[in-house]
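Me: Please show me the sequence and the model, and then let us go through them with care, one question at a time.

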Amino acid sequence: MDFETLCVHGCKKQYDTVGAVAVPIFTSATYERFDFDPAADFEYSRLTNPTREHLEHTVAALEGGQFGLAFSSGLAATSVLMELFSPGDHIVSSDDLYGGTHRLFTQISQKNGVKFTFANSAESVIAAVTSETKAVFLETPSNPMMQVVDIAAVAQETKKRGLLLIVDNTFMTPYLQKPLDLGADIILHSATKYLSGHHDVLAGVLVLNDEKLNERLRIISKTIGSVLSPFDSYLVIRGIKTLPIRMERSQETTRVIAEWLITRSEIKNVHYIGFESHPSYEITRRQSSGFGAMLSFTMHDEETTKKLLMGVKVLKFAPSLGGVESLITYPMLQTHGDIPEEERLVRGVDSCLVRLSIGLESTKDLIDDLTQALEG
Ligand SMILES: *Cc1c(COP(=O)(O)O)cnc(C)c1O
């Protein structure tokens with residue numbers, strides 16, 4: 001089945017008996033038994049739930065994976081992953097990370113004895129591997145500087161050394177990038193973003209192919225209990241139906257806005273991977289089928305940056321990304337507020353950096369809005 005059809009129909013398993021076309025929301029927390037079979041399909045909703053299972057099968061199929069697990073947020077999914085590791089284990093991670101992931105690693109996992117080295121290219125990630133390394137964690141393209149790591153190059157090394165390769169695929173989605181095909185072992189999604197697509201739900205999903213690892217993650221998930229609710233599962237299922245057309249349209253608008261931004265004298269530098277001059281352009285062309293709908297830019301001065309953020313009317317000055325409403329974000333204050341200043345500045349997350357997530361408004365309205373905010 002083609003990707004678009006799979007998005008609309010999902011991995012249909014007919015759970016209802018009346019022929020519902022939309023997936024039913026099964027709110028039941030517990031399930032009645034009809035026999036003594038130890039392997040009942042449904043028993044208790046912390047373990048499995050039909051609506052959540054539909055979502056898990058669907059995202060797994062879209063990523064080309066066997067197994068999916070859905071959680072109450074992207075960070076809940078990442079915290080479950082961190083339970084695979086023990087004190088003394090070492091993880092190499094990309095250094096330009098979603099702020100919450102960075103906080104989880106440095107404030108919680110590290111306290112629990114897991115060690116981290118942060119690196120920013122395929123070569124430096126591989127060079128940071130030690131005899132204690134158990135996994136490599138990549139977020140690519142990265143947030144907010146749009147750095148891209150060559151997934152296949154890293155996978156070649158992790159496979160050789162028996163390390164787990166985890167890839168956060170939130171920015172690209174399986175519509176544009178398929179990390180399992182490039183050699184990753186586990187894919188992570190903040191389904192809060194493009195998969196659900198409407199800024200109305202928090203959700204996280206893991207996808208993988210290894211059966212033993214899936215069993216382990218299932219045990220951790222049912223033990224911790226941070227699973228996705230049936231209603232929220234439904235919202236993500238509904239969002240996924242329009243994922244391909246949303247990505248196409250947002251991506252198109254993003255290119256036009258990126259090209260417009262470079263013509264503006266207030267703007268020093270536009271970080272958009274679709275520009276041939278961007279250092280990540282070639283790798284992106286190789287490993288993704290598009291450049292996505294995210295970009296960031298650096299302005300000449302803080303005063304104009306603040307004027308822009310306060311002046312927009314169509315774009316919303318808010319954190320998050322990947323929804324139908326376009327958002328303008330101030331990473332220093334919002335997504336990356338908890339990262340120590342020195343580390344932040346080294347990565348270019350300064351008081352003149354602004355991030356855009358382009359949604360589905362008309363290109364003209366967005367450009368008019370940015371213009372009036374810059375000039376107003
Ligand atoms: C938002 C985000 C997360 C965290 O997901 P939540 O659903 O907010 O918990 C992780 N990675 C990336 C790239 C994100 O954008």
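Me: In which loop does methionine 146 lie?
Reply: This is a predicted model, whose residues are numbered from 1 along each chain as its sequence is written, and whose local features need pLDDT of at least 70, side-chain atom pairs counting only at pLDDT 80 or more, while totals for chains, interfaces and linings use all residues. Side-chain values rest on heavy atoms, with hydrogens and water left out. Helices (H or I, at least four residues) and strands (E, at least two) are DSSP runs numbered from the N terminus, and on that basis methionine 146 belongs to the loop between β4 and α6.

Me: What is the phi of methionine 146?
Reply: Most residues other than glycine have a negative phi. Methionine 146 is not a glycine, yet its phi is positive, at about 60°.

Me: Where does the ligand sit?
Reply: On a 1 Å grid over the protein atoms alone, a pocket is an open set of points with protein on both sides within 12 Å along at least five of seven lines, a cavity is a set where a 1.4 Å probe fits but cannot get out, and lining residues have an atom within 4 Å of a point. A molecule sits in one of these if more than half of its atoms lie within 2 Å of its grid points. By that rule, the ligand sits in the largest pocket.

Me: What is the volume of the largest pocket?
Reply: The largest pocket is lined by 22 residues, with Gly74, Leu75, Tyr98, Ser190 and Lys193 nearest its centre, and both α3 (74-82) and β6 (186-190) supply at least two residues of the lining. A volume is the space filled by probe spheres set on the points, which are joined across faces, edges and corners, and for the largest pocket this comes to about 330 Å³.

Me: How far from a nitrogen atom of the ligand is a polar side-chain atom of aspartate 168?
Reply: A polar contact here is a pair of N or O atoms within 3.5 Å. A backbone N or O atom of leucine 75 lies 2.9 Å from an oxygen atom of the ligand, and a side-chain N or O atom of lysine 193 is 2.7 Å from a ligand oxygen. For the polar side-chain atom of aspartate 168 and a ligand nitrogen, the distance is 2.7 Å.

Me: How much space lies in the largest cavity?
Reply: There are four cavities of 30 Å³ or more. The space in the largest cavity is about 60 Å³.

Conventions
Polar contact = N/O pair within 3.5 Å; in protein donor to acceptor, adjacent residues only side chain to side chain.
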